[in-house]
Amino acid sequence: MKKNLQSAINVVVLSLVLISTESSPTVCIIGSGIGGSSVAHFLRSYSNSEIGTIRIFERHDAVGGRMATVTISGETFEAGASILHPKNYHALNYTKYLNLSVRPSESDSSFGIWDGREFVFKTFTSQSKLPIFQSLVSFANSILFFFRYGFSLFRMRTFVEGTVDSFLKYYKSFESRPVFETVEEMLKWSGLYNMTKRTLQEELLDAGLSPRLIQELVTVITRINYGQSVSISGLAGAVSLAGSTEGLWSVEGGNQQMAAQLINHSDVKLHLNEEVKSVSFLGGNYQLNTMKGKIYPCGITVVATPLDELKIHFLPEISIPERKLQHTYTTFVRGLLNPAYLALGSISDIPQLVGTVETPDVPFSSISVIKQHKDNDMTYKVFSRRSLDDALLDQIFSVRNETVRIDWAAYPHYHAPEVFAPFILDGQHLYYVNAFENAASTMETSAVAGENIARLILSRLTGQKHLSSVKLESFGDDAYDVHADL
């Protein structure tokens, strides 16, 4: 026993000696989602020889984190992060660099708002596929929206566009965009910080939106995108509203392909099914211990997964603000909705997207048709704040041929004012990508945070605050000019 213990100690000491003599440190990234894969990608893109080996540790059997797909009756659907904004330029550049196909979201779906007893608002539905009829129905629906919500719709658009414009500053050149050491610094620079100090409802009332619009349409959107009410922080709420605009898209075949292909193109040693048990700072370097009993020496460690529900032991201990994650229960059903449950007469009366208001009478946040196979055979996606048992599902659906349930620890439970964890967890080289999630949680915000972490690592290694002399090895000849062509 003593001999084995001494051998293990010798291995650790030898590993630490080896890493301390390397000119280019090993980077260990915990988490293979869009945040972790973005860090790896930008470290390779922005550096010449500053970075040595990159290891990514993923506790599951596939990369992607909260980007994942589900198979229902042999067909694949997005199960996690599903939509991207037309101005999500990192994601757009990824698809271009990786030769991935973009799939536009359908914009002609019928829509209704249900309050648990009746539909308080419902759009017209066109059964015709002819463009002229679809255009007429779309025009009629625009009139419906205006009659119910008036000029508040335009004020909401202005509010969202202002937030998006501020966010676009994160794509500026190195010369005009500093490296950020804290989330607060990053948000103040773009002009978004104050929006994390007030609720969405407060921000929208000040912007002149009507209470009806906030209680109905805005609430539907925040319940669908974040599973929460308009009491969330203003910035998270604005990002949620941006996810309801036109031009939304996803990656054909699954958004997780972005993470998978970024990792494949970044010369990464990937460790699937290997959960990190502890991270220890020893003698100027880090030692990662995994549940498989393996030890890895790392010069730099990046945490790219929410720490809130993980049990990674840090030595010395780290301190981050306590944060509750909002769980979203996603239920996929192939079958047919029960129109009587929604107080309707026939299946054709049910909108393709049913949103709900904030009331205890409603057990789900939304129900949407994600594929219609036949008139009486559809695949639905249901979002809810709690798991829906079979008895309740049998009330909501008249037919259930297949049911798949997924519990996502999807995003932070937002409130105002928000408090942020540090990007640098220990004053050394232990970094936390997901500190930015308290501002907003999307695929693109994770990519933006990941890009800043990569620049932060390189700036602290080289001592160049703005990294103006670091060679940018672009994804393609005009990869970072994609947004100029949109």
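User: What percentage of the residues in the chain are buried?
Analyst: This is a predicted model. In it, buried residues make up 52% of the 486 residues in the chain.

User: How many helices and strands does the chain have?
Analyst: There are 12 helices and 20 strands.

User: And what share of the contacts comes from residues 24 or more positions apart?
Analyst: They account for 73%, counting contacts with a separation of 6 or more.

User: Let's pick a helix. Why is α9 called largely enclosed?
Analyst: Helix α9 covers residues 234-242, and eight of its nine residues are buried, so the rest of the structure largely encloses it. The buried ones are G234, L235, A236, G237, A238, S240, L241 and A242.

User: What covers them?
Analyst: The cover includes four helices: α5 (152-167), α6 (183-190), α7 (200-206) and α8 (211-226).

User: Now strands. How many residues of β15 are buried?
Analyst: In β15, residues 325-337, the number is 11 of 13, so this strand too is largely enclosed by the rest of the structure.

User: Which strands does β15 pair with?
Analyst: One is β19 (residues 397-412), antiparallel to β15 over 13 bridges. Within that pairing, H327 stands opposite A409. Another is β18 (residues 377-384), also antiparallel, joined to β15 by seven bridges. There, R334 stands opposite T379.

User: Where do side chains point in a strand, in general?
Analyst: In a regular strand they alternate between the two faces of the sheet.

User: Changing topic. How many residues are in the largest nonpolar core?
Analyst: It has 117 residues, and those with the most contacts inside it are L187, M258, L288 and V302. Helix α12 (residues 443-462) gives the most to this core, with nine residues.

User: What does L187 touch?
Analyst: Leaving aside residues up to four places away in sequence, L187 touches Y170, L192, Y193, T196, L235, F420, F436 and A439. One of these, L235, is also among the buried residues of α9.

User: What other core is there?
Analyst: Another core, of 20 residues, lies apart from the largest one, and L337, L342, V354 and L393 are among its members.

User: What lines the largest one?
Analyst: Its lining is D308, I320, P321, R323, V419, F420, A421, Y432, N434, A435 and N438. By class, that is seven nonpolar, two polar and two charged residues. F420 in this lining is also one of the residues that L187 touches.

User: Which residues have a positive phi although they are not glycine?
Analyst: S73 has a phi of about 50°, and A343 has one of about 60°. S73 lies in the loop between β3 and β4 (75-78), while A343 lies in the loop between β15 and β16 (353-356).

User: Buried or exposed, that A343?
Analyst: A343 is exposed, with a relative accessible area of 55%. S73, at 39%, counts as partly exposed.

User: Last one. Where is G64, and what does it touch?
Analyst: G64 lies in the loop between β2 (54-57) and β3 (69-72). It is buried, with a relative accessible area of 1%. Not counting residues up to four places away in sequence, G64 touches S32, G33, Q256 and A259.

Notes. Residues numbered from 1 in each chain as written. Predicted model: local features only at pLDDT ≥ 70, side-chain atom pairs only at ≥ 80, totals over all residues. Heavy atoms only, no water. Buried < 20%, exposed > 50% of the residue type's maximum accessible area, 1.4 Å probe, protein only. Helix = DSSP H or I, 4+ residues; strand = E, 2+ residues; numbered from the N terminus. Contact = heavy atoms within 4.5 Å. Pairing = 2+ DSSP bridges. 1 Å grid on protein atoms, 1.4 Å probe; cavity = no way out; pocket = protein on both sides within 12 Å on 5 of 7 lines; lining within 4 Å. Nonpolar A, V, L, I, M, F, W, Y, C, P; charged D, E, K, R; others polar. Core = buried A, V, L, I, M, F, W, Y, C linked by side-chain atoms within 4.5 Å.
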